[in-house]
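Please read this report with the sequence and the model side by side, and look up each residue as it is named.

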Amino acid sequence: VNGDFSRQIDEAHFVIRISNLTNGIYKIGKLNFQATLEDNKFDIHTIQVINPISVGVKYDLQNNVINAQLKTEKLKPFEIILSKSNQKKISKFKNISFDTDTIVNCDLSNKTLMFLSDSNILIPDNVFAGGLDAGFSVYGNQNEFEVTKLYLNGENCIANGSLNYSYENMQLTGMFDLPYFKMNNGKVITTEVYFDALEKGFKAFSPQIFVDNHALTALSLSMLPGKDSFDFRFEASDYSHSDDSEPGVIQIDGSYLPKSNYIQTSVLFNTIYLDTIVEFVQQFLSQDKVYNFNTIKKNVSPYVISGDFYVSSDFKTISYNVPYILLANTQKENQVIMLSVNGNEQSFQMNNLSVVYGKVAFEASGTFDRNEDFSDMFFTLELTSSSIPYQFSGAIMPGILTLSGDYDTQLEVSFEKDRINGFINFNNLPINFSKNTTVFSTNTQFFYDSLNGPEIRLHQFEVEIPNVNYSTSPKITLSGNITK
């Protein structure tokens with residue numbers, strides 16, 4: 001700093017030179033300022049010609065008013081911001097060009113604010129494919145701001161819009177038009193969004209979002225600020241299966257509490273076809289991956305899914321509840337899956353899993369719990385298949401897995417550095433195959449190490465098919481060793 005002050009310190013003239021200003025990672029090159037204090041007015045502005053940037057701030061001490069202006073012309077910000085450790089990252093952005101003429105006026109006594117800006121950014125092809133010319137004009141005060149002009153022009157993107165936002169009630173009005181956005185896989189997104197102010201908050205509505213020839217219809221997002229919370233709702237409709245009397249619907253409702261950093265959300269989806277989901281995902285994949293999804297889409301095309309679930313979190317813990325998810329085949333009878341679960345980051349409970357597939361039907365429920373350090377895990381499982389009940393429980397701990405339950409079931413597997421060993425026992429375990437029930441029994445040990453490979457010792461293995469129509473039942477009994 002070089003300069004001089006008057007004896008009364010009511011006048012001053014000095015020059016400020018800043019160089020190598022750094023936070024340890026990034027460094028700003030040279031910036032020179034001239035500052036003056038005269039007639040109760042303080043003025044500071046840049047006096048350099050190396051970089052095409054002009055900054056000026058005037059403060060009227062008597063009236064308590066600040067005026068500031070920033071002007072740039074073809075400024076390349078990343079030629080000013082330097083970093084040896086991140087030079088490769090920065091070099092990618094070195095040809096970004098920024099033009100602006102921004103003015104800010106602030107009356108500190110009356111608490112008023114006025115600002116306006118005309119700005120333009122040129123983004124090269126290596127940052128945004130095809131390059132992009134982006135610009136906006138903004139006007140605002142202490143109550144609201146208005147984007148009078150917003151445009152994006154590039155080889156792969158064309159968009160424009162205008163918006164008005166009121167701070168007090170978070171009211172947003174205007175529109176955003178995206179007639180062309182080409183993704184890396186060559187697919188094109190097209191949409192338009194309209195913003196309407198509510199009494200508090202706003203609603204954004206898009207009649208359709210097209211991804212090539214596929215569309216989501218009647219999308220809406222409502223943002224509703226409250227005294228202590230921030231509520232939101234998202235809705236979308238699927239008309240891809242026009243033969244259905246009602247469209248598929250996705251609805252998300254939620255609330256965020258800023259003071260406690262807590263969020264809760266509910267999601268409802270009704271009559272959503274799986275092939276619609278697969279088809280929409282395909283639009284965002286590269287062409288070589290699309291073919292693999294064609295087979296999946298064909299196989300899942302008759303299936304429809306409905307359900308709802310709830311999630312809440314303080315961003316440290318999470319809990320969830322899924323009252324039901326229903327998956328059904330619309331073209332064949334007796335092909336239905338229903339699932340109900342709940343839990344948190346340490347426990348999981350399957351309230352019910354019901355599966356009907358042709359003549360096969362079973363139900364299941366179970367739990368899965370972990371201790372605080374996640375080293376030990378415990379689980380239970382109850383099954384009913386073809387009126388045959390099964391009940392098991394077990395644990396997963398460092399180096400060992402155990403399972404026990406009905407039909408004298410005992411399983412233990414130990415894991416060492418280069419060795420696995422264990423045993424499995426059960427007695428008269430019934431399993432239904434079509435119209436017949438087969439009963440299994442075994443007493444088996446098994447080993448594996450990297451030197452000798454696998455070894456299985458069958459002390460007993462029996463398979464029996466009980467038959468009420470005959471005096472005897474077919475039975476197979478095996479014993480022996482299986483080695484590498």
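A nonpolar core is a set of buried Ala, Val, Leu, Ile, Met, Phe, Trp, Tyr and Cys residues that are joined through side-chain atoms within 4.5 Å, and buried here means a relative accessible area under 20%. The model discussed here is a predicted one.

**Nonpolar cores and aromatic rings**

The largest nonpolar core has 9 residues in all, namely Tyr-165, Leu-172, Val-193, Phe-195, Phe-202, Ala-204, Met-223, Phe-230 and Phe-232. Three strands, β16 (188–197), β17 (202–211) and β19, each supply at least two residues of this core. Apart from this core lies another one, of 8 residues, which includes Val-267, Ile-272, Val-278 and Ile-305.

Which residues does Phe-232 touch, if those up to four places away in sequence are not counted? Phe-232 is in contact with Ser-222 and Met-223, with the run Ile-252, Asp-253, Gly-254 and Ser-255, and also with Ile-263 and Thr-265. Tyr-165, a member of the largest core, also belongs to an aromatic cluster together with Phe-145 and Tyr-167. The count of aromatic pairs comes to 10.

The table sets out the two spaces, with their volumes and the classes of the residues that line them.

| Space | Volume | Lining residues by class |
|---|---|---|
| Largest pocket | about 170 Å³ | 8 nonpolar, 3 polar, 1 charged |
| Largest cavity | about 30 Å³ | 2 nonpolar, 3 polar, 3 charged |

The lining of the largest pocket draws at least two residues from each of β19 (230–238), β20 (248–257) and α2 (274–282), and the largest share, 4 residues, comes from α2. Among the residues lining this pocket are Ala-236, Ser-237, Asp-238, Gly-248, Ile-272 and Phe-280.

The structure holds 1 cavity of 30 Å³ or more. The largest cavity is lined by Asp-238, His-241, Asp-244, Glu-246, Pro-247, Gly-248, Thr-271 and Tyr-273.

Which residues of α2 are buried? They are Leu-274, Asp-275, Thr-276, Val-278 and Gln-282, and what covers them includes β19, β21 (262–273), α3 (287–300), β22 (303–313) and β23 (318–329). An α-helix has 3.6 residues a turn, so residues three or four places apart point the same way.

Ser-97 is found in strand β10, which covers residues 97–107. Ser-97 counts as buried because its relative accessibility is 8%, and buried means under 20%. Leaving aside residues up to four places away in sequence, Ser-97 touches Lys-74, Leu-75, Asn-120, Ile-121 and Leu-122.

Leu-82 lies in strand β9 (residues 81–82) and is partly exposed, with a relative accessible area of 33%. Although Leu-82 and Asn-20 are 62 residues apart in sequence, their C-alpha atoms are 9.0 Å apart in space.

Leu-429, in strand β31 (residues 419–433), is buried, with a relative accessible area of 13%. Beyond its neighbours within four places in sequence, Leu-429 is in contact with Tyr-390, Tyr-407, Thr-438, Val-439 and Phe-440. The C-alpha atoms of Leu-429 and Leu-268, which are 161 residues apart along the chain, are separated by 41 Å.

Notes
Residues numbered from 1 in each chain as written. Predicted model: local features only at pLDDT ≥ 70, side-chain atom pairs only at ≥ 80, totals over all residues. Heavy atoms only, no water. 1 Å grid on protein atoms, 1.4 Å probe; cavity = no way out; pocket = protein on both sides within 12 Å on 5 of 7 lines; lining within 4 Å. Points joined across faces, edges and corners; volume = space filled by probe spheres on them. Nonpolar A, V, L, I, M, F, W, Y, C, P; charged D, E, K, R; others polar. Buried < 20%, exposed > 50% of the residue type's maximum accessible area, 1.4 Å probe, protein only. Contact = heavy atoms within 4.5 Å. Phe/Tyr/Trp six-rings, centres within 6.5 Å; stacked < 30°, edge-to-face > 60°.
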